Each structure stands twice: as C-alpha cells, then as structure tokens.
Amino acid sequence: MKKTSRYVPSLFYLTTLILLFSSFLPLAAADNYCPCNDLDHCVEWVKEGSTSLEWGQVETVAVNGVVYTFRSDDFTEDLDAALISIEKDWVVKKEFLFLDVYDRMSFEWDNEILVVLDDITTDGYKTPSAKLTIYYRGLPELKVEFDASEETIQGVEVSSEQYAPGEEKVIDVEVRNTGDAWIESVVLEIPLGELNLREKGDFQLKDNVLRKNLGCLEQDDSVELNFTVVAPEWDEKTSPYDINYYLNATATGDDIKGNSHEFSGSMELSCTEPDMEVILEITRNEINMTSWYVKELESATNSYSSSNYEIRDATEFVFLRTHIYNIGLYTIDDLNVQFSEIPEDLVISEAYDSGDHSSMDDNGQYYLGQKLIGIRSGKYSFDKVVVTADFFGEELTWESGTGSLTIHGPHIVVDKGLSGADDDYTVTLKLSNDGNRAAWINLTDTVPVNVTYVDGSVEKGLEGSGLPLSEWDLSTTNSNDSFSFSVDGVLLPPGSSLSMSYDISSDVAPDLPPAICAFRAIGDYEGEVQSSFYVNGNEVKQYWKPLNGGWISDLAAIDDQASVDVMPAEKVIDDEDNNADNNEDDLYSSDDEVSDLDISDMSVEVQQDDSTPTFLSKVLDPITGIFDRTQDFVSRTFTGALGGISSLFGVVESSAIDAVENYLYVIVVIIAAAVFGVVYTLISK
C-alpha cells in the first residue's frame, strides 16, 4: 500500500512531462510542413488558357510539358451539359460537365490538370461548341541569391563580388519562393570550399557545409540568412587572377504531392585589381633666374645627381616630386618606371629617393625629389611618369599627369663675327636679350698680340649701333701690343638687341678670344656670357655646361690649339673658405649662346677637363708645398752656416716627387722622415 502511494506522484510528474513534450511536436511539424496539404482541397491551380470545341472537334494542348488531347463528344438536348473526353499517353478519360451544377462544372486528372466548362454556344448551323478553361497544378520554385558586404582594406575598395586575402567578408543569402505553390521541408546547404568560416550565424556547420532547415515557404515567402568567411592569405606565387572562390547553395523541398524539388544559386568572389597611384608634382609654376655657383667636393655626398659637386647660393628653385604608391593588395615585381625627362636647360641641384621602384609590396611607396635650378629663362614642360608591369601575364600601365614651369629672367646672347681678308678684317659684336626680363650689361673684348687694332674703329662702329654714342660708357686700354675695350652700363630690354663693330689688321688669319658680357638683372641675378672665339680665322662656338666646367667648346676640328689665346671660363671654387658672394668669377648661373653644336651629351655629372686637378697633382701639390716651406725656413734660419741644406732639400724634393709619380709612396714617407730628422737635429744643436 505504501509503495503504491509513492508511485502515484511519480506517475503524475512523468505524465505531465510527456504531455508537455508531446505538445511541442505538432508545433515542430507545423514549422516544417505547410498547413494546407490536402490534395482534394489545397492544390493551387494556375490558369493555362481557354479553348472552344465544336461538336466532335479535337484539339491538342501542352500543359506543364505534358500533351493532352481534348474532344467534345456530345451535348444534352437543352445544351446545359457536354461530354468531354481527354486523352494522355493513350489513356482516355470522359466526363459530363454541367453549366449550372457547381460540383459538376469541372473535373481534374491526377491533380495535374483541371478542366472547367464555362459555356455552350451554337453557330448559324445550330452546331454546339463547348468553351473550356484549362488549369494546371501550380509548382513551387525557389530562387537562391547571394550578396556580400563591401569593404575598404588599406584604402582599396573591395566590392561585393571581390575578396581581400586574409580579410573578413559577410555573405548574405536569400531564399524566396517565386513559384505558384507552397513548398515544405525546405533545407538549404552551402559548402564553404576553401573559404574559412568566421561566424556561422543561424546555420549549422558539419563537414565544412553550412545547413539550415527552412520548413514551409508559401508563395512569395522568403528567408534571409548571413554568415562571415575569411579568404586565405595570398601565397605570392599564384596569380591572383587564378584564385577565385565559389559559393554554391542547394535548396531542396517537397510539393503538395510529395514530389521533391531542388534549386540552386551560386556566387563567385574574384581578386581586386592591382593598382598604382603615380603623382608628378611641381612645387611652383613660376620662378626667377638666380645666381649660384658650383662647389667641387673632395668626398662623396648623398646627392642623387652627383657625388663630387654641390650647387650653392641658389635663392630661386623648384622641386619636382615623383610619388609612386602601391594602392592595391598585391606585391608587384618587375616594375618599370619611365621618369619625366628633365629639360636640358634645368640643372638637378639635389635629388633624393626612398623606397624601391622596381618591386613594391602592397601599401608600399617610392619617392623621388629633385631640386631644379634654371640655366636660362623660358617655359618648360614635364612629361608624365609612366609605370608598367607584367603582373602574371597581364600588362598593366599607370600614368601621372604632366607639369609645366616658367622661369623669368634675361637671356643674354653674344655673337662675335669675323669678316674680311687680305690683312683687313672687321669684327662685329651683337648683343641680344631673348628672355623676358631686362638686364644691365657690361661688354668687354680684346684684340690679342700679333693682331693690330685700327684706331678709332670702335667709336665708328658704335655710331651704327642704334644707341647714341653718349649713352655708351666706352673705355679702351692699349698695353703690351694688345688692345681691349669695354662698354658699361647699357640696359638691354627683353626682345631687344644692340650691335657694334671694329676693324683689325693681321698678316694671317687671326686668333681672337671670346667677347665677355657681364650682366645684372632684378633679384640679384647676375652672371657672365661668352661669345665664340676664333682659331686661324675659324669660329669655335661655345656652349654653357655649368656642371662640366662652365663654357665648353669643341676644338676637335682645329689642328693647332696651342696658339689660342682664350680667356678662361669662370673658376670653380675649390676652397671652402672662399667667399662666393664677393667673387664674381664663382658665379655659374649665366646665359649661354645657343650654338649649332650637338649638346645632347649634356650631363648632370661633373666631368674632368684640363683645368681640373688629377689625383696625382692633388698628392704632389701638398708635398711640394711642404718642401718649399721647409726649404725657405731652413734658408732663413741658417743663412751662411747651412747653405748646403737648401740644395739638399731641392734634391730630396725632386726625388720624392719622382717617387710619387712612380707610385712609390713608401719611399716618399721615408725620405720626408729623414729630411725632418736632419732639420730637427740641426735646430737642436
């Protein structure tokens, strides 16, 4: 009795739990199955069309891909009913259809086709016809569509159809019933393939396949789901164009007759395009000509353009900057950069770069900055910078914009001409300002030895210059059989020119030095221009290469160069202590004569000419100086008593120099040490 009393509460609780659990089963079934699934009442019919059949007429109609043959076999006398026969696959079904009897107006065959009698009419011959409306069973259809998020990765816009290696992407999937009937027990499956799952959302994951039971979907019902994936990192070996990721979804379900239907949808994620940004930047559009000078260096610098000179004291300059950015998500190798060509009348004073423009990682960059100084005034243009690359077989090209620069200032040209024969010659000088700023000029010319100046011819030549003689500040000098004159303080406006002439006589075709024209313009811009010079009566043109030594001429066609009495070009400063501001010979910013010579070899590198000291001379000069100073000291200190020491120093010095010339550096050191030892011993005594 006690056992029975103990079991009663237990049975009560167990029964309650069973009832509660069982109460959820219909709900679960209701979620998975559609509520109306009775074939007799819940088929969703869709109108196929209408037809009219005369008595005994046969007509064939295709419904949902199945061919049916209709025929009106007979009619009632009152024309309120018709006998209709249907044939499918050699099987015939007949049915009387009535106009006024609701449940006898139609018939269906296997829940696939429904025929309704709408009316019975007769023609002029009293022949009846049955008007029929034909319906077919509606079928479900699922449309599976993918969409994806858009991201900005390292400044790169990643569209919904693209991926970024190693980055997250949210995938949206929608399943919509676009058919004519409901579908139940719908299951959606999405294999992930090579994509890595980060968030599964409402899905279940098994064997790298996302799965979701969607249950019943009525007409126009839809379900939206999402999940997050990550594309694998790039191996930097495989072409990104060959790396695509696919998502293929499959949705299956059953219709009202229990027939299974399968639908699919897909999405492809491709790589982003490699991309570069190329920028050409000019910091100023206009500058003025300025004075500057070249400083030769004894040690290398970090200058991009050269390692043995500097350009100093330039107050007007412009920076040309080239920026190349890899704004894509992939490393690009084998880059080829065509930089903007620097016009030959612009000098690269300084240039520095950072980065590597031949290979660039994603988010990498390259910079080239060039400090430019003008040699002459004018308008200059800069072509676009072009970057090309072969990216896994794809030829890619990126370009910058173009640029322009205007340099204001005078451009002074001095033309020196020689005409005549039989001992009588005429020298003509023409000054032109081809720039856009005025300049004050001082002109100097010299008649060398062995050439006779005709007295008064300069003054006579000035009379035809176009400028009143009173405005020319003329001074002449006659010394050591050479004659020179200078004209000072003449203003030469832009686009103007002046000319003058004088006469000379010579037994042979004369050698003439260049005429020198110093000028000064606004902004403390000043310099010196040289004309052509003459060798044996032949003109030798000069052109301006400030980084190659100044005024450069071509004497290759002249056999005898030793007879040329040529004024030297401006001296390049070698001493750090020299004051460039006070020494007009150091000014290298001068205008040149535009010659007919080919100057395409103009280079930013400083080339050694005859006036440039060689390595050997740089070694010998200090040693020679030491011996000279030591010999002078001994001579003054030990006059009379040590008269032979001076000659000893001369012998030792000569031997040392010979040794250096033969690269016997050790011998030089030994000799120098011995000499100083003798001097020290003598002084000590």
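pLDDT is the predictor's confidence in each residue, on a scale from 0 to 100. This structure is a predicted model, in which local features need pLDDT of at least 70 and side-chain atom pairs count only at pLDDT 80 or more, while totals for chains, interfaces and linings use all residues. Residues are numbered from 1 along each chain as its sequence is written, and side-chain values use heavy atoms, with hydrogens and water left out. The protein chain has an average pLDDT of 79, and 74% of the residues score at least 70.

**Confidence**

- Over residues 556-669, pLDDT stays under 50, and the model has 197 contacts beyond four places in sequence for this stretch; a contact means heavy atoms within 4.5 Å.
- Where pLDDT is low, the predicted coordinates should not be read in detail.

- Strands are DSSP runs (E, at least two residues), numbered from the N terminus, and two of them pair if DSSP finds at least two bridges between them.
- Ten bridges connect strand β33 (residues 412-421) with strand β34 (residues 424-433) in the antiparallel sense.
- Within this pairing, K430 of β34 stands opposite D415.
- Two residues lie between the strands of the β33 and β34 hairpin, where D422 takes a positive phi near 55°.
- β34 also runs antiparallel to strand β39 (residues 497-505), to which nine bridges join it.
- Y425 has I504 in β39 as its bridge partner.

**The open four-stranded sheet**

- Four strands form an open sheet in the order β9-β13-β18-β15, with antiparallel pairing.
- The edges are β9 (142-148) and β15 (196-199); each has a single partner strand, so one side of each is left without a neighbour in the sheet.
- On average, neighbouring strands of this sheet are turned by 35° against each other, direction ignored; the axes are lines fitted to C-alpha atoms, and angles run from 0 to 180 degrees between N-to-C directions.
- Three bridges pair β15 with strand β18 (residues 222-230) in the antiparallel sense.
- N196 has V230 in β18 as its bridge partner.

**S457 in helix α2**

- S457 lies in helix α2 (residues 457-463); helices are DSSP runs of H or I with at least four residues.
- S457 counts as buried because its relative accessibility is 6%, the term meaning under 20% relative accessible area (1.4 Å probe, protein chains only).
- Apart from neighbours within four places in sequence, S457 is in contact with S501, Y502 and D503.

Notes. Buried < 20%, exposed > 50% of the residue type's maximum accessible area, 1.4 Å probe, protein only.
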